[in-house]
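Trainee: I would like to go through this structure with you. May we take it piece by piece?

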Amino acid sequence: MVDLSEIQTIYYMVAATGVLVAAVYYILNMRATLQTRQAQLFMQVFDRYQDMEFVRIFLMVMNREWKNYDEWNSDRLDPIQGPARISINNYFEGIGVLVQQGLLSPKSIADILAGPVVMWWNKQSEYVKEFRVRARFPMYGDKLEYLYNEMMKQRPAGFSPSVKG
């Protein structure tokens, strides 16, 4: 005959197995949800990048020439150049935050944005660094600089794209 303690032991093992299966299912479900959210976030980044208005203002600023810091800085007050440059800069800063916090991988961002980020930083880095000093704003553009450094880690040595080709 089956002893009551054996029945209880079997019951506890079945219950424990059920809890274990539920925990594994929960973990797998959370992982799938996280991957879906990261894919959605990536697509939001990509959608903005491929938007014609983004491309237009990116090229407009990239084709701009500054002889010195004062010319570069005066563009901030220009009603066309200022908002265009700030918009692109803030976009790259935001992506830098997402990459730094691990919400987007540097590799996935580099696959679509390495060129534009590197071009943007190379064009403006000396002025951004000067602005940090003059405005006493040491964090200005720091996430963009971080993103640039991450993009350079993802690309071969000597990677230096140009708008002008």
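**Loops, helix packing and the core**

Mentor: Let us begin with Arg64, which sits in the loop between H2 and H3. Please keep in mind that this is a predicted model.

Trainee: Is Arg64 buried, exposed or partly exposed?

Mentor: Arg64 has a relative accessibility of 31%, so it counts as partly exposed.

Trainee: Which residues does Arg64 touch, leaving out those up to four places away in sequence?

Mentor: With those left out, Arg64 touches Asp75, Gln81 and Lys123.

Trainee: And how many residues apart in sequence are Arg64 and Ile80?

Mentor: They are 16 residues apart in sequence, and their C-alpha atoms are 12 Å apart in space.

Trainee: Let us turn to the helices. At roughly what angle do the axes of H4 and H5 cross?

Mentor: The axes of helix H4, residues 81-100, and helix H5, residues 106-134, cross at roughly 135 degrees and come within 11 Å. That angle makes H4 oblique to H5, and the crossing is left-handed.

Trainee: Which residues of H4 and H5 meet?

Mentor: From H4 the contributors are Arg85, Ile88, Asn89, Tyr91, Phe92, Ile95 and Val99. They meet Pro106, Ile109, Leu113, Pro116, Val117, Trp120 and Gln124 in H5. By class, this contact of H4 with H5 has 11 nonpolar, 2 polar and 1 charged residues.

Trainee: How far apart are the axes of H4 and H6?

Mentor: The axes of H4 and H6 are 7 Å apart, and the two helices pack at an angle of about 65 degrees. H4 and H6 are therefore roughly perpendicular to each other. Their crossing is left-handed.

Trainee: Which residues does H6 bring to its contact with H4?

Mentor: H6 brings Asp142, Lys143, Leu144, Tyr146, Leu147 and Glu150. Among the residues of H4 that meet them are Asn89, Phe92, Glu93 and Ile95. By class, the contact of H4 with H6 has 7 nonpolar, 3 polar and 4 charged residues.

Trainee: What about the largest nonpolar core: which members touch the most other members?

Mentor: That core has 35 residues, and Phe92, Ile95, Ile109 and Leu113 touch the most other members. The elements giving two or more residues to this core are helix H2 (52-62), helix H3 (69-74), H4, H5 and helix H6 (142-154). H5 gives the largest share, 13 residues.

Trainee: What does Ile95 touch, not counting residues up to four places away in sequence?

Mentor: On that basis, Ile95 touches Val45, Ile109, Leu113 and Leu147.

Trainee: Changing topic, where is Arg136?

Mentor: Arg136 is placed in the loop between H5 and H6. Because its relative accessibility is 73%, Arg136 counts as exposed.

Trainee: What is phi of Arg136 near?

Mentor: Phi of Arg136 is near 50 degrees, a positive value in a residue other than glycine. By way of background, most residues other than glycine have a negative phi.

Trainee: One last residue. Which helix holds Tyr12?

Mentor: Tyr12 lies in helix H1, residues 4-50. At 54% relative accessibility, Tyr12 counts as exposed.

Terms used: Residues are numbered from 1 along each chain as its sequence is written. This is a predicted model: local features need pLDDT of at least 70, side-chain atom pairs count only at pLDDT 80 or more; totals for chains, interfaces and linings use all residues. Side-chain values use heavy atoms; hydrogens and water are left out. Axes are lines fitted to C-alpha atoms, for helices over the stretch in contact, and angles run from 0 to 180 degrees between N-to-C directions. Helices (H or I, at least four residues) and strands (E, at least two) are DSSP runs, numbered from the N terminus. Angles under 35 degrees count as roughly parallel, over 145 as roughly antiparallel, 65 to 115 as roughly perpendicular and the rest as oblique. A crossing is left-handed if the near helix is turned anticlockwise from the far one by less than a right angle, and right-handed if clockwise. Contact means heavy atoms within 4.5 Å. Ala, Val, Leu, Ile, Met, Phe, Trp, Tyr, Cys and Pro count as nonpolar, Asp, Glu, Lys and Arg as charged, and the others, Gly among them, as polar. A nonpolar core is a set of buried Ala, Val, Leu, Ile, Met, Phe, Trp, Tyr and Cys residues joined through side-chain atoms within 4.5 Å. Buried means under 20% relative accessible area, exposed over 50%, partly exposed in between (1.4 Å probe, protein chains only).
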